[in-house]
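Please open the model in your viewer and keep the sequence panel beside it. The stops below are meant to be selected one after another.

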Amino acid sequence: MFKYLGFLLYANMLAVGIAYIYLLKIRRRIGFHTVMNSATITGGFLAVVTGVILIYQFPLHYVLVTIVTTVVGMGAGALFGGLFDFKTLITGYTNGLMMGLMSPMIGAVAKNSTLFLLFIEVLFIFSIFLVICSSRKELYAEDDNDSPEPSYDK
């Protein structure tokens, strides 16, 4: 399984890219909390999964893996947070930074455990699915509430 870690990393980046493109299309119609949660979830979980995969693949390059993972987490968090405003950008950036710094430590402690990698991957995919579902639910809830505002002009 460990010889396919590069493909797993690529699939994770692709899933985050698809989620970003979807949220980019509907960003004007979803609320502040949904974008903030998507920025923290995607930035943090992408940093954790990337850190674990890279430390499994390159166990002796701890400093370089930490730097790459931190940059990936900060970038993903800032990218998703930038969908709304500067405050959510900072929130996503900070969460990606913290998770990126800690994720190689988690991977080193796990000591190439396949069960742990599967657990992290399942959590990551479920989180991306949850981000997309929550934004869709908010989008359709907004469509159901398209009734005209009551007029108070008399």
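**Before selecting anything**

This is a predicted model, in which local features need pLDDT of at least 70 and side-chain atom pairs count only at pLDDT 80 or more, while totals for chains, interfaces and linings use all residues. Residues are numbered from 1 along each chain as its sequence is written, and side-chain values use heavy atoms, with hydrogens and water left out.

**The whole chain**

Show the protein as a cartoon: its secondary structure comes to five helices and zero strands, following the pattern α-α-α-α-α along the sequence. Helices here are DSSP runs of H or I with at least four residues, strands are runs of E with at least two, and both are numbered from the N terminus. Switch to the C-alpha trace, which spans about 75 × 30 × 20 Å along its principal axes. With a surface displayed, the accessible area of the protein comes to about 9,100 Å², of which 71% belongs to carbon and sulfur atoms; such areas come from the Shrake-Rupley method with a 1.4 Å probe, and for residues only the protein chains shown count as cover.

Of the 154 residues in the protein, 38% are buried, where buried means under 20% relative accessible area, exposed means over 50%, and partly exposed lies in between (1.4 Å probe, protein chains only). Among contacts in the protein with a separation of 6 or more, residues 24 or more positions apart account for 83%, a contact being heavy atoms within 4.5 Å.

**Helices α1 and α2**

Select residues 5-26 (α1) and 32-57 (α2), whose axes come within 10 Å and cross at roughly 170°. That angle makes α1 roughly antiparallel to α2. The axes are lines fitted to C-alpha atoms, for helices over the stretch in contact, and angles run from 0 to 180 degrees between N-to-C directions; those under 35 degrees count as roughly parallel, over 145 as roughly antiparallel, 65 to 115 as roughly perpendicular and the rest as oblique.

Now show side chains at this contact, where L5, G6, L8, L9, N12, M13, V16 and L23 in α1 meet S38, L46, V49, T50, I53, L54, Y56 and Q57 in α2. The residues of the contact of α1 with α2 divide into eleven nonpolar, five polar and no charged. In this scheme Ala, Val, Leu, Ile, Met, Phe, Trp, Tyr, Cys and Pro count as nonpolar, Asp, Glu, Lys and Arg as charged, and the others, Gly among them, as polar.

**Helices α2 and α4**

The residues of the contact of α2 with α4 divide into 15 nonpolar, twelve polar and no charged.

**Helices α3 and α4**

Next select α3, residues 62-81, whose axis comes within 7 Å of that of α4, the two crossing at roughly 155°. These helices are therefore roughly antiparallel to each other. On the α3 side the contact includes G73, M74, G77, A78 and G81, and on the α4 side G92, Y93, G96, L97 and G100 are among the residues involved. By class, the contact of α3 with α4 has ten nonpolar, eleven polar and no charged residues.

**Single residues**

Which residues does G92 touch, not counting residues up to four places away in sequence? Centre the view on G92 in helix α4, and you will find A39, G73, G77 and A78 in contact with G92. G92 is buried, with a relative accessible area of 0%.

Go on to T34 in helix α2, which is buried at a relative accessible area of 13%. Leaving aside neighbours within four places in sequence, T34 is in contact with S134, S135 and E138.

For an exposed residue, select R28 in the loop between α1 and α2, where the relative accessible area is 71%.

Finish in the loop between α4 and α5 (114-144), where K111 is found. K111 has phi near 55°, a positive value in a residue other than glycine, and phi of N112, in a residue likewise other than glycine, is also near 55°. Most residues other than glycine have a negative phi. K111 is exposed, with a relative accessible area of 67%, whereas N112 counts as partly exposed at 36%.
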